[in-house]
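This report describes a single protein chain, from individual residues to the chain as a whole. The sequence and structure are shown below.

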Amino acid sequence: MELIPIIILVIVVIVILSCINVVPQAKAYVVERLGGYQATWGVGIHFKMPLVDRVAKRVILKEQVVDFPPQPVITKDNVTMRIDTVIFFQITDPKLYCYGVDNPIVAIENLTATTLRNIIGELELDETLTSRETINTKMRASLDSATDPWGIKVNRVELKNIIPPAAIQDAMEKQMKAEREKRESILRSQGEKESAILVAQGKKEAAILDAEADKASAILIAEAKKEATIREAEGQAQAILAVQKANADGLRMLNEAGATNEVLQLKGLEAFSKAADGKATKIIIPSELQSLAGLVTSVKEMAKE
């Protein structure tokens, strides 16, 4: 009999402790009383009435990520492909999340599949492959609007993979290969063209340099010949001046020695013969020298007799 109060006390303590709930960070508890919604508990310690209140749902308030399996879709040009999506969402209202729709994740998956089919059905294959950002934006707006009554906010939608049929993949690979080969041939032809241009420019510059070198060489040769001709003429002029000076000096010495006019005229004749140097074809001799020459000839003839 003494154990009964102890057992009752233990039971009371257990019931009291079970009525104490601590809600951790980033979570919310939806509490029902007698089967109806009572309250939403936030972070902190809370108490519930025993046997009357119960925690119906523990909701995570952090952003969550759901990766849905690939969904078959048909493009505007009747190409069937498979696309899998990734949804980033966050629960903003735990009450609506609990009572708005049954199994919200399955509802979001089905809504994503139908929305994706509607958007892809308006695009052709090439647009689908190059319009990921546009598709993501449209899907996020549509899903966010549809999930508001469920207490869910869709923050981001991403197309993870776009898988076209095998035949389309082969055709795309062949097209990409052809484009790469085309770019390669264009680059090769451009390189050959640039190389030919550089070679032609090099030959042109070499020809210009050769012409300039020949011109400079011809100018130097002409200048050298001109200088040689000038120096030769100067030498001949100096030689003539030297001969004339020597003759003038000889005549002056004869004059100083008291030579007669006939001797002086004879010396002048010798000077003319030296000036001609055997190269002149005609020499004009003054009349005085001509008479003197005749006299000399007569003397030579008399000496022979």
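Ala141 is found in helix α5; helices (H or I, at least four residues) and strands (E, at least two) are DSSP runs, numbered from the N terminus. The model is a predicted one, in which local features need pLDDT of at least 70 and side-chain atom pairs count only at pLDDT 80 or more, while totals for chains, interfaces and linings use all residues. Residues are numbered from 1 along each chain as its sequence is written, and side-chain values use heavy atoms, with hydrogens and water left out.

At 41% relative accessibility, Ala141 counts as partly exposed, because that class lies between buried (under 20% relative accessible area) and exposed (over 50%), with a 1.4 Å probe and protein chains only. Ala141 and Arg156 are separated by 15 residues in sequence, and their C-alpha atoms lie 9.1 Å apart. Arg156 is itself partly exposed, with a relative accessible area of 48%.

**Salt bridges**

A salt bridge is taken as a side-chain nitrogen of Lys or Arg within 4 Å of a carboxyl oxygen of Asp or Glu. The count by this rule comes to eight.

| Pair | N to O distance |
|---|---|
| Asp53 and Arg33 | 2.5 Å |
| Glu158 and Arg156 | 2.8 Å |
| Arg140 and Asp144 | 3.8 Å |

The pair of Asp53 and Arg33 links distant parts of the chain: Asp53 belongs to strand β5 (residues 53-60) and Arg33 to strand β2, 20 residues apart. Asp53 is buried, at a relative accessible area of 7%, whereas Arg33 is partly exposed, at 30%. Glu158, the partner of Arg156, is partly exposed with a relative accessible area of 24%.

Arg140 and Asp144 both lie in helix α5, four residues apart, which is about one turn of the helix. Asp144 is buried, with a relative accessible area of 14%, and Arg140 is partly exposed, with 30%. Together with Lys153, Arg140 and Asp144 are linked in a network of salt bridges.

**Interior**

A nonpolar core is a set of buried Ala, Val, Leu, Ile, Met, Phe, Trp, Tyr and Cys residues joined through side-chain atoms within 4.5 Å. The largest such core has 29 residues, of which Ile83, Ile87, Leu116, Ile135, Met139 and Leu159 touch the most other members. The elements that give two or more residues to this core are β8, α3, α5 and β9. Apart from it lies another core, of five residues, among them Val23, Tyr29, Trp41 and Val55.

Contact means heavy atoms within 4.5 Å. Leaving aside neighbours within four places in sequence, the contacts of Ile83 include Pro69, Pro70, Val73, Leu116, Ile120 and Leu159.

Helix α3 (residues 104-120) has 17 residues and should span 24 Å at 1.5 Å a residue; its end C-alpha atoms are 24 Å apart, which agrees. The expected span is 1.5 Å times one less than the number of residues in a helix. Among the buried residues of α3 are Pro104, Ala107, Ile108, Leu116, Ile119 and Ile120. The cover over the buried residues of α3 includes β7 (71-74), β8 (80-91), α2 (94-99), α4 (125-130), α5 (132-147) and β9 (152-163).

**Surface and loops**

A nonpolar patch on the surface is formed by Ile4, Ile8, Leu9, Val12, Val13, Ile16, Leu17, Ile20, Val22, Ile45 and Phe47, with about 1,000 Å² of accessible area together. The elements that give two or more residues to the patch are α1 (3-18), β1 (20-23) and β4 (44-47). Helix α1 provides the largest share, seven residues. One of the residues in α1 is Val13, which is partly exposed with a relative accessible area of 39%. Patches are made of residues with over 30% relative accessible area and no salt bridge: like charges are joined within 9 Å, and nonpolar side chains (Val, Leu, Ile, Met, Phe, Trp, Tyr) within 5 Å. Accessible areas come from the Shrake-Rupley method with a 1.4 Å probe, and for residues only the protein chains shown count as cover.

Asn78, in the loop between β7 and β8, has a positive phi of about 60 degrees although it is not a glycine. Asn78 counts as exposed, at 67% relative accessibility. Ala26, in the loop between β1 and β2 (27-33), is likewise not a glycine and has a positive phi of about 65 degrees.

**The chain as a whole**

The chain has eight helices and nine strands. Buried residues make up 21% of its 305 residues. The chain exposes about 21,500 Å², and carbon and sulfur atoms supply 59% of that area.
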